[in-house]
Amino acid sequence: MDPSGVAEQTQESPWGSVGPAAPACSLTEVMSEQLARQLDEEDAFPALSDPAVDPLRSEEAPDTASDLMLAQMLQMQFDREFDDQLRREEKKFNGDSKVSISFENYRMVHPYEDSDSSEDEVDWQDTRLDPYRADKPQTTPRRGFSGKGKNITTKHDEDTCGRKNTARMDNFAPEVHVGDGLGMDLKLSNQVFNSLKQHCYSEQRRSARLHEKKEHSTAEQAVDPRTRLLMYKMVNAGVLENINGCISTGKESVVFHADGGSLEEQPVPEEVVLKVFKTTLNEFKNRDRYIKDDYRFKDRFSKLNPRKVIRLWAEKEMHNLSRMKKAGIPCPDVVLLKKHILVMSFIGKEHVPAPKLKDVMLGSEEMKEAYQQVLQLMQKLYQDCSLVHADLSEYNMLWHQGKVWLIDVSQSVEPTHPHGLEFLFRDCRNVSTFFQKRGVSEAMSVYDLFNTVTGLNIPVGAEDEALFMTEIVALEKRNEDHIQKRGKKTFLVTSEDGGPPLEPDSDD
Ligand code: ADP
Ligand code: MG
């Protein structure tokens with residue numbers, strides 16, 4: 001082996017090409033102190049030719065030693081440690097809870113930069129689908145920069161980072177139109193990217209909520225599955241022959257037309273309606289006062305969960321209809337009450353419901369007749385049934401076979417209800433206004449109508465509504481005190497009739 005030949009050769013090394021080896025020397029030379037010093041001074045391990053491979057040790061990459069670079073690297077190290085700590089805290093905070101709170105927004109290291117640091121972090125924010133990541137040449141090497149000398153590009157480089165952010169927009173939800181950002185060489189700063197990301201997340205949540213709401217309301221248009229099951233059961237049991245179309249979808253109920261079958265050998269009317277009280281509670285919330293202050297239901301109301309309160313509405317309508325029927329008021333016959341579904345006779349003929357008073361075209365004589373009937377109905381309702389409709393208007397009166405029929409009495413209350421007289425006053429106003437508008441000259445003013453219906457004698461005077469209302473409220477108050485004194489709250493809903501109508505309190 002020729003040692004001098006070896007000395008001349010440039011060694012190939014997997015770490016790069018190595019420069020000429022130190023000249024061969026004899027053992028005595030090696031042992032000489034002078035040579036030792038000389039060797040010390042010389043670079044016995046010449047620089048690797050590719051500074052990118054190990055830049056920290058490279059003489060040819062003086063910039064790597066720059067304060068900025070070191071500071072950035074230290075900062076990165078610090079940030080990573082901060083994030084590690086954050087993750088530990090997040091884990092501790094969430095524990096085994098099914099609902100966890102993410103500390104993502106507090107992370108210091110951009111997830112992209114961190115994406116290859118550990119498996120956990122990939123899980124933490126899935127960047128596997130990042131189209132940019134697949135594109136190896138464009139990613140920044142793990143050590144955080146590429147290039148050399150003045151051309152060094154760190155992962156903090158604005159352009160690189162901006163392009164990465166643009167590419168990462170592809171990870172936004174499919175419905176987010178991000179456009180061809182890469183094609184336009186769009187560079188998004190971290191701040192912009194993060195706000196966009198945040199916006200997309202909140203949009204997604206919002207649209208999910210909206211979608212859910214829409215689904216919910218369309219389902220309500222028909223009925224929810226539980227109600228459908230109840231309805232099928234009625235058909236199965238033979239109570240109904242067939243359930244036909246929906247007649248009306250109101251705020252609080254959906255009304256279906258159905259063909260009657262038979263119930264316990266008794267025939268069910270040929271045509272019936274199913275009034276399905278909506279099981280969603282929003283609409284009923286503001287109607288609470290009709291029921292929670294109704295002493296007939298008061299005790300039960302407070303104990304029931306909201307779903308069951310809905311059933312009370314159906315039950316209330318049933319009881320009120322029965323009372324009205326007894327007093328001879330034209331109204332639907334109750335057939336069956338099943339949870340929140342009330343089956344009653346159909347007012348109309350051959351699937352065509354009777355028109356509402358607001359829709360029917362009546363001659364002036366007929367209109368006058370209708371008015372007289374309504375006046376009587378209101379009196380009967382108040383005097384005989386001890387009820388105030390509380391939603392009486394041309395919308396809840398049907399014209400059928402030359403008669404006015406009253407419907408929709410789920411909210412009807414007794415006159416002794418703390419606001420009963422106010423409700424009645426409102427009913428009176430609807431009725432007077434409607435008939436006056438329809439040219440019925442006999443139609444009384446709201447005040448006279450109120451007094452006629454109740455038999456009270458509240459002074460009408462200058463027809464000052466505020467004064468009249470004050471009287472009404474005072475009466476309600478006196479009546480409430482009276483009820484308290486007599487303990488009339490124990491009056492049961494199953495009682496045959498509604499008890500005596502309200503009279504001016506002679507005790508006070
Ligand atoms: P809502 O509380 O939704 O107003 P209603 O009891 O007023 O409920 O019923 C809504 C509509 O359904 C009524 O305006 C009427 O057209 C129709 N309807 C209700 N009950 C009957 C019935 N027994 N016969 C015929 N149509 C009815
Ligand atoms: Mg109605």
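Let's start at Asp-408: an N or O atom in its side chain is 2.9 Å from an oxygen atom of ligand 1, a polar contact (a pair of N or O atoms within 3.5 Å). This is a predicted model, where local features need pLDDT of at least 70, side-chain atom pairs count only at pLDDT 80 or more, and totals for chains, interfaces and linings use all residues. Residues are numbered from 1 along each chain as its sequence is written, ligands are numbered from 1 in the order in which they are written, and side-chain values use heavy atoms, with hydrogens and water left out.

Ser-253 also reaches ligand 1, with a side-chain N or O atom 2.8 Å from one of the ligand's oxygen atoms. Ser-345 uses a backbone N or O atom instead, 3.0 Å from a nitrogen atom of ligand 1. On its own, ligand 1 exposes 530 Å², and the protein buries 92% of that (Shrake-Rupley areas, 1.4 Å probe).

Now for the metal. The magnesium ion (ligand 2) has Asn-396 (OD1) and Asp-408 (OD) as its protein donors, 2.2 Å away; donors are N, O and S atoms within 2.8 Å of the metal (3.2 Å for Na, K and Ca), and water is not among the atoms, so sites may look incomplete. Asn-396 sits in the loop between α15 and β12 and Asp-408 in the loop between β13 and α16, so the pair ties together parts 12 residues apart in sequence (DSSP runs: helices H or I of at least four residues, strands E of at least two, numbered from the N terminus). Asn-396 is buried at 7% relative accessible area, and Asp-408 is buried at 18% (buried means under 20%, with a 1.4 Å probe and protein chains only).

Notes: Buried < 20%, exposed > 50% of the residue type's maximum accessible area, 1.4 Å probe, protein only. Polar contact = N/O pair within 3.5 Å; in protein donor to acceptor, adjacent residues only side chain to side chain.
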